[in-house]
Amino acid sequence: MISFRPCVMHITNSHNNIYLLHKIDIKTFSKGSCSSFKNSLVNINQFKRQLIHSTGIVDNAIPNLRSDLSKQILIINKINKNSIYEKQCKFISTHKSLCNKVINKQSHFGTNLLFIKNDFTTRNCYNVRQMSSFYERTCDSLYKNYVNLITGISESAPVEFAQNSLIDIHSYTGLPWWATIVLTTILLRLTISLPIAIYQQNVTAKLENLRHEMTGITTNLERKIKDDMFRNNWSQEHARRMYILSVRKKWKDLIVRDNCHPVKTIILAYIEIPILIILTFSLRNLCYMLPKGDMYAYENYLEFTTGGFGWITNLAVADSYFILPILTALINLANVETFRMLRLKEPTILYKCLTNFLRLVSVVIIPLSPFIPSSLCLYWITNSACTLGQKVLLLSPKFRRLTRIPETESELSHPYSFLYKKIKGKTNLEALSMKKLK
């Protein structure tokens with residue numbers, strides 16, 4: 001009978017030795033040890049063949065091969081241990097001085113972290129690096145979101161439609177680009193903004209008249225609620241609640257009757273702001289050959305560079321004389337101040353904050369003008385001038401009756417003289433005229 005126990009043990013030991021070989025750094029091996037180990041594996045294969053064809057050699061061959069293989073593995077382990085020991089000694093020798101310094105410092109100053117200056121500074125530097133990397137990541141993410149937003153608006157369908165419409169108007173009329181921009185802006189204000197502004201003024205006048213009508217309704221409701229309170233023995237809290245519900249119901253009925261919901265008083269802003277953004281981005285695309293950048297865009301860009309007027313021949317670059325940005329700021333400030341002077345009620349805190357914000361936006365455009373093409377400034381000037389003219393036109397009582405805007409108590413009979421007096425008081429023109437007379 002053949003004894004298979006030494007064979008199984010030999011195969012198990014060879015498997016363990018191969019596993020150890022994978023864990024050992026091959027760089028520390030000598031070529032002789034590797035070749036001898038490979039020869040041992042060849043001997044194992046030969047041993048398997050002899051195991052199949054012979055019966056009596058197995059018991060004598062296994063102990064010899066096992067002893068040779070174990071000796072070679074011991075040599076390899078010894079080499080690996082020596083290399084690891086050398087690395088540990090080198091690490092301890094290089095860091096021994098630093099350890100002595102830290103130990104001496106702690107023994108001299110105690111364990112107070114404030115006296116361990118180098119370690120404390122190192123931790124602070126590490127925290128600063130972490131904070132700086134956090135701010136860098138935040139700034140990068142914000143910049144990427146900004147770029148994605150601008151790119152999305154620039155490549156949107158409304159902007160593309162407005163850009164193609166400008167090109168069609170320019171090609172059909174044969175006007176230069178500066179006249180095309182001015183004409184398109186005026187047409188949009190006359191066909192879209194002015195009718196909506198008239199409708200908004202109509203709704204505002206109806207609401208003002210409804211408030212006067214509600215005064216008589218509330219007095220009647222107060223009498224009715226008092227009678228019901230004495231008749232039905234209501235408490236004051238219940239009577240007050242019923243009064244509020246009745247007033248709200250009457251107010252809703254009046255709004256439905258005259259079709260003048262308060263949300264409609266700000267409908268003009270919801271339409272003018274998107275139009276302003278769409279046309280601004282369409283002109284920007286024409287200045288920078290966006291979004292495709294093909295030959296067709298390059299032709300439009302070349303026409304833009306020669307479609308200016310006066311001191312501005314190139315509409316794709318900024319105004320070097322700062323005339324257009326200053327005019328834009330002045331017209332925007334005139335709009336803000338005109339709205340403020342025509343307000344008859346006492347301004348609220350929110351209204352004051354909004355007025356100051358619009359003033360700031362009007363002035364900020366001047367230092368940003370070197371980065372703004374002249375075509376955008378020209379469009380903003382035309383749009384702001386149309387807004388100012390539209391507001392002044394809606395002050396006229398004749399125009400208000402012509403457009404069937406209801407007459408209200410707050411309507412001015414002579415609005416232009418009132419506005420002129422306000423402007424004179426604002427700029428102290430009366431004092432200057434008196435000095436000239438003297």
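Me: Helices (H or I, at least four residues) and strands (E, at least two) are DSSP runs numbered from the N terminus, and on that basis, in which helix is Ile-277 found?

Reply: Ile-277 is found in helix H8, and the secondary structure of the protein as a whole comes to 15 helices and 0 strands. This is a predicted model, in which local features need pLDDT of at least 70 and side-chain atom pairs count only at pLDDT 80 or more, while totals for chains, interfaces and linings use all residues. Residues are numbered from 1 along each chain as its sequence is written, and side-chain values use heavy atoms, with hydrogens and water left out.

Me: What makes Ile-277 count as partly exposed?

Reply: Its relative accessibility is 39%, and since buried means under 20% relative accessible area and exposed over 50%, with partly exposed in between (1.4 Å probe, protein chains only), Ile-277 is therefore partly exposed. Its C-alpha atom is 10.0 Å from that of Ser-154, a residue 123 places away in sequence. For the protein taken together, 29% of the 438 residues count as buried.

Me: Why is Asn-233 called exposed, and what is said of its phi?

Reply: The relative accessible area of Asn-233 is 68%, so it belongs to the exposed class. Asn-233 is found in the loop between H6 and H7, where its phi is near 55 degrees, a positive value in a residue other than glycine. Phe-322, in the loop between H9 and H10, also has a positive phi, of about 60 degrees, although it is not a glycine; its relative accessibility is 34%, and Phe-322 therefore counts as partly exposed.

Me: How do you know which residues Met-289 is in contact with, once its neighbours within four places in sequence are left aside?

Reply: Contact means heavy atoms within 4.5 Å, and with those neighbours left aside Met-289 is in contact with Ala-297, Tyr-298 and Tyr-301. The C-alpha atoms of Met-289 and Tyr-301 are separated by 6.4 Å, although the two residues are 12 apart along the chain. Met-289 lies in the loop between H8 and helix H9 (295-305), and its relative accessible area of 27% makes it partly exposed. Pro-291 is found in the loop between H8 and H9 as well, and the peptide bond from Leu-290 to Pro-291 is cis, with omega near 0 degrees.

Me: What makes H6 roughly antiparallel to H8?

Reply: H6 and H8 pack at an angle of about 170 degrees, with their axes 10 Å apart, and this angle makes H6 roughly antiparallel to H8. The axes are lines fitted to C-alpha atoms, for helices over the stretch in contact, and angles run from 0 to 180 degrees between N-to-C directions; under 35 degrees counts as roughly parallel, over 145 as roughly antiparallel, 65 to 115 as roughly perpendicular and the rest as oblique. Among the residues that meet are Trp-177, Ile-181 and Leu-188 in H6 and Ile-275, Leu-279 and Leu-283 in H8. By class, this contact of H6 with H8 has 13 nonpolar, 2 polar and 2 charged residues.

Me: Why is H5 called oblique to H6?

Reply: The axes of H5 and H6 come within 10 Å and cross at roughly 120 degrees, and H5 is therefore oblique to H6. Leu-166, Ile-167, Ile-169 and His-170 in H5 meet Trp-177, Thr-180 and Thr-184 in H6. The residues of this contact divide into 4 nonpolar, 3 polar and no charged, where Ala, Val, Leu, Ile, Met, Phe, Trp, Tyr, Cys and Pro count as nonpolar, Asp, Glu, Lys and Arg as charged, and the others, Gly among them, as polar.

Me: How many residues does the largest nonpolar core have, and which have the most contacts inside it?

Reply: A nonpolar core is a set of buried Ala, Val, Leu, Ile, Met, Phe, Trp, Tyr and Cys residues joined through side-chain atoms within 4.5 Å. The largest one here has 22 residues, and those with the most contacts inside it are Leu-166, Trp-177, Ile-181, Leu-283, Leu-286, Phe-304 and Leu-315. Helix H5 (157-173), helix H6 (177-232), helix H8 (267-288), helix H10 (323-341) and helix H12 (374-393) each supply at least two residues of this core. Leaving aside neighbours within four places in sequence, Leu-166 is in contact with residues including Trp-177, Leu-279, Leu-283 and Leu-286.
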